[in-house]
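Subject: Structure for you to look at

Hello,

Here is the structure I said I would pass on. Please open it and keep it beside you while you read the notes below.

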Amino acid sequence: MSRIHGFTILRDEPLVEYAARAVLYRHERTGAEVLSLSLDDANKVFGVAFRTPPANSTGVPHILEHSVLCGSRKYPVKEPFVELLKGSLHTFLNAFTYPDKTCYPVASTNLRDFYNLVDVYLDAVFFPSIPRHVFLQEGWHFEWAESGELTRSGVVFNEMKGVYSSPDSVLGEFSQRLLFPDTTYGVDSGGDPKVIPSLTYEEFKAFHASYYHPSNARVFFSGDDDPTQRLRLLDAYFSQFDARPVDSHVALQKPFKTPRTTQMPYAAAPGQADRGFVTVNWLLPEAADQDLALTLDVLEHVLIGLPSSPLRKALLDSGLGEDLAGGGLETELRQMVFSTGLKGIKPDAGAAVETLICDTLAGLAKTGLPADAVEAGVNALEFSLRENNTGSFPRGLSMMLRALTTWLHDGDPLTPLRFSDPLGRLKKRLAAGEPVLETALKTYLLDNPHRVTLTLVPDTELDARRVAAEKEELAAVAAGLDAAGQAAIKADQEALQRFQETPDAPEDLARIPSLTLADLPREETRIPQQEENRAGVQMLLHPLETNGIAYLDLAFPLAGVPDRLVPLVPLFGRALLELGTDRHDATTLTRRIAAKTGGIYREALISSVFAGNPDGLAARLIFRGKATVDKVPELLDILDEILTATDFGNQERFSQMVVEGKSRMERQLAPAGHVTASNRLRARYTMAGSVAERMRGLSQLLYLRELAERVKTDYAGVRRDLETLREVVLARSETMVGLTASANAMGGLETAVTGFLDRLPATTTAPATWERLSLPEAEGIAIPAQVHYVGLGLDLAKVGWTFDGADLVAARYLRMAYLWDRVRVRGGAYGAFCSLDRITGQTVFLSYRDPNTDATIEVFRQTGRYLMDATFSDEEMTRAVIGAIGDIDAHMLPDAKGHVAMVRRLIGDTAPLRAAMRAQVLAADVRRFRQFGEALDAAARQASIVVLGPTPSLDAMTVPNLTRVDVL
Ligand SMILES: [Zn+2]
């Protein structure tokens with residue numbers, strides 16, 4: 001056996017699926033395993049994972065995940081993680097707690113930066129400081145409120161209160177727990193807010209000591225960096241440990257003999273008093289069986305993957321609920337799970353839904369699955385595996401997480417990455433007519449007694465009872481305290497406050513490794529772009545290496561849309577993809593899209609434009625399609641069909657889409673309250689903000705409610721509106737096309753696309769006039785939650801501000817320093833954001849899962865003052881600049897590059913503008929930070945406010961003229 005830097009090579013093999021070389025090592029001294037992939041990917045990934053099965057729901061793995069990033073032996077500052085967020089070029093930097101593992105991944109395209117990140121993370125996990133006050137801050141602690149009342153706070157404690165307020169999260173969490181009652185998956189690794197306060201500091205420390213050891217570690221590397229250097233870095237840490245046995249094995253769940261049924265309450269808003277949720281969940285075999293995992297993946301697609309899929313359709317057509325529930329096939333745990341159901345059911349309809357699901361499956365097992373649905377399922381799976389398009393998530397990280405499904409349980413890490421052979425076997429068996437999917441359906445779903453049906457029943461009093469119970473409990477704790485006990489809490493509270501308010505010593509901060517300004521590229525990497533005019537249409541060609549795939553973006557102008565139809569645009573786009581056409585019904589159409597292409601998606605681009613007036617905007621409905629180059633003619637054929645021949649006559653299906661959309665928005669309101677607040681605030685400043693709010697904000701929800709009624713009483717009218725949109729939107733004139741593919745395929749594609757454009761109608765429509773929304777200065781939106789989302793908006797354009805790239809650096813710095821410190825660390829909110837629109841100067845501050853309201857608004861208001869008074873060391877300024885350049889240079893896959901280039905073209909974000917911005921970013925200094933602070937401070941006098949939270953909190957707020965909005 002070969003050895004290198006203290007490691008033994010266990011395997012050394014090519015990984016053809018990713019054109020990679022894979023080497024698996026074991027560290028001789030400690031037994032740590034390392035999977036090292038070398039491949040042509042500049043976005044280098046490192047990750048260390050520990051098997052961390054919890055024994056209870058105190059959330060100890062989750063609290064530890066937060067805490068180890070709060071200072072370590074080599075980096076003794078309060079939050080090295082935050083310093084890296086502020087001042088590195090990371091393309092990914094985070095940590096995750098799973099039910100059975102904790103992962104610490106980083107990624108960067110810059111080699112020096114990458115090594116810096118790896119070292120800070122290794123030191124954090126193996127040598128964290130984790131003093132008591134970090135546990136109090138990140139986990140939970142008592143506090144004496146100013147009123148003299150005893151309260152409880154903590155970052156994870158508040159975060160999990162937010163999670164437990166969301167019925168979607170509760171449904172997912174408890175579906176899992178009920179399926180695995182006898183294993184570690186039967187408890188919540190994230191922490192149940194009721195149980196978190198039973199965790200002691202000693203148990204927390206002991207958990208780290210037991211599990212964060214090289215003998216329990218799996219380390220992953222991928223990218224184009226030197227594989228030997230990876231081992232050197234690791235050995236420097238591992239060699240400080242000796243091997244020891246770690247008992248972290250995850251047991252298999254004992255099978256149930258008969259199915260089970262459970263009901264639980266969830267915290268519902270008054271308007272949701274008649275709406276429940278139900279999932280039916282099955283426990284499946286181990287995820288390590290790749291042939292079975294792929295088979296079940298195809299089966300999932302056939303059953304629920306498309307709007308036309310038989311099980312999805314049966315559920316939605318039944319009228320028993322509003323939208324599908326459940327995560328489908330889940331392969332992240334040791335044993336796989338399949339879960340489906342309905343949201344928005346009548347509270348007593350759980351059993352009926354269960355019966356419907358079982359009957360539908362029985363029917364399918366008997367009649368067999370439709371051949372074109374199976375073809376669609378196989379192609380969709382194969383396309384996604386081969387394309388490996390992980391969006392903004394690094395590709396290497398997705399490979400790491402896949403490898404861990406088997407590796408974590410002592411299986412072969414390469415098995416889940418090698419899909420070619422099992423996929424080939426599956427296709428062969430299907431081609432031979434073997435009923436592979438029907439057999440799987442019978443064996444693992446229909447005849448499988450290990451099944452749990454979970455119904456969530458609405459309870460409009462639950463939140464109030466929870467709050468009251470906690471109050472009572474805290475009062476009892478307070479009453480039982482003697483003087484010494486009271487003093488101990490006070491001492492903890494003061495120690496924590498002191499710790500939070502004491503800045504890090506400059507010499508400690510200087511230890512965090514950082515790049516210098518000289519390491520940063522002076523110029524932005526250009527996205528290749530060639531502009532052509534074909535049949536009167538602007539075409540942007542982006543020759544990029546895409547692995548045999550062509551990406552097509554069609555951007556239709558919305559300028560001709562009559563004002564009253566603006567909010568109908570998103571549904572119109574969806575209708576084209578799902579309703580069916582004169583030539584093919586919805587089922588055939590959606591299966592054909594899945595069988596022949598990599599998918600067609602729609603989105604609306606709504607943005608202000610450069611060098612325009614405040615009401616100038618780019619408004620486009622964009623269809624994004626992808627296919628292998630040889631299938632592009634089919635992709636164009638389908639696009640031609642849906643754009644010109646969609647049949648809007650399917651009232652039932654359209655009505656389902658409206659109800660589904662409405663129900664999704666209602667459920668997103670509470671967990672994504674910061675998004676709601678942001679849309680609402682932006683609506684006040686520009687036409688683009690107003691249009692975006694009408695298409696995707698709270699206004700859209702109100703519109704969908706009306707539309708749901710109108711679809712019932714006046715479908716002919718709705719249909720006419722859809723026809724009008726087709727006429728005014730889907731024409732050739734002013735349309736822009738983006739095409740991203742490898743250079744040698746481009747010529748042929750261009751010809752094919754030109755032919756397609758020729759077939760589009762050449763009608764022109766005069767631009768319509770749109771009304772701007774007029775909204776009150778301050779709004780309080782009631783939601784059923786135990787936390788708040790606080791938003792404050794400023795209009796810098798009103799105070800004579802003009803953009804300087806340094807303002808982006810300042811806004812980012814505010815988010816990472818001031819807001820992080822005041823709103824998260826001291827305020828106890830899970831997150832806080834600040835975003836500056838460089839086109840218009842509107843600046844929005846937001847908090848996420850926040851225990852406070854007025855206090856956070858005050859922090860936001862003081863932002864300008866803070867910047868005006870702050871002093872910055874040169875190192876701090878350099879880090880802030882590096883972080884901002886990292887954002888600007890975000891790593892993109894080829895399809896994203898093509899899309900971004902098109903968006904820049906549409907909003908007028910030209911190369912000279914971007915170059916000027918970059919030069920200003922690189923030249924950012926204290927003087928400009930203060931000027932930006934002055935603009936914020938001046939604008940703060942006319943701030944707009946939007947807060948989401950429970951009614952009692954809104955009532956207690958001191959903001960004058962708070963307009964109440966009750967939507968749930
Ligand atoms: Zn967390």
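In α14, the residues Pro422, Leu423 and Leu426 are buried, where buried means under 20% relative accessible area, exposed over 50%, and partly exposed in between (1.4 Å probe, protein chains only). Seen down the axis of α14, these buried residues fall within an arc of 100°, so they line one face of the helix; the arc is that of the directions from the helix axis to the C-beta atoms. An α-helix has 3.6 residues a turn, so residues three or four places apart point the same way. On the other side of α14, Asp421, Lys428 and Ala431 are exposed. The cover over the buried residues of α14 includes α9 (290-305), α12 (371-387) and α15 (436-446). Helix names follow DSSP runs (helices are H or I, at least four residues; strands are E, at least two), numbered from the N terminus.

This is a predicted model, in which local features need pLDDT of at least 70 and side-chain atom pairs count only at pLDDT 80 or more, while totals for chains, interfaces and linings use all residues. Residues are numbered from 1 along each chain as its sequence is written, and side-chain values use heavy atoms, with hydrogens and water left out.

After α32 comes glycine 908, with a positive phi near 80°.

Next, the charged residues. How many salt bridges does the structure hold? There are 83 salt bridges, each being a side-chain nitrogen of Lys or Arg within 4 Å of a carboxyl oxygen of Asp or Glu. One of them joins glutamate 578 to arginine 653, with the closest N and O atoms 2.8 Å apart. This pair links distant parts of the chain, since glutamate 578 is in helix α19 (residues 569-578) and arginine 653 in helix α22 (residues 651-669), 75 residues apart. Glutamate 578 counts as buried at 14% relative accessibility, and arginine 653 is buried too, at 10%. Another salt bridge, between aspartate 955 and arginine 964, has an N to O distance of 2.8 Å. Here aspartate 955 counts as exposed at 53%, and arginine 964 as partly exposed at 30%.

Aspartate 850 is buried yet has no salt bridge, and the nearest side chain of opposite charge, arginine 849, is 11 Å away (Lys and Arg count as positive, Asp and Glu as negative; His and the chain ends are not counted). Aspartate 850 lies in the loop between β26 (842-848) and α29 (854-861). Its side chain makes a polar contact with the side chain of threonine 856, at 2.6 Å. A polar contact is a pair of N or O atoms within 3.5 Å; within protein, one must be able to donate a hydrogen and the other to accept it, and residues adjacent in sequence count only if both atoms are side-chain atoms.

Regards

How values were computed. Contact = heavy atoms within 4.5 Å.
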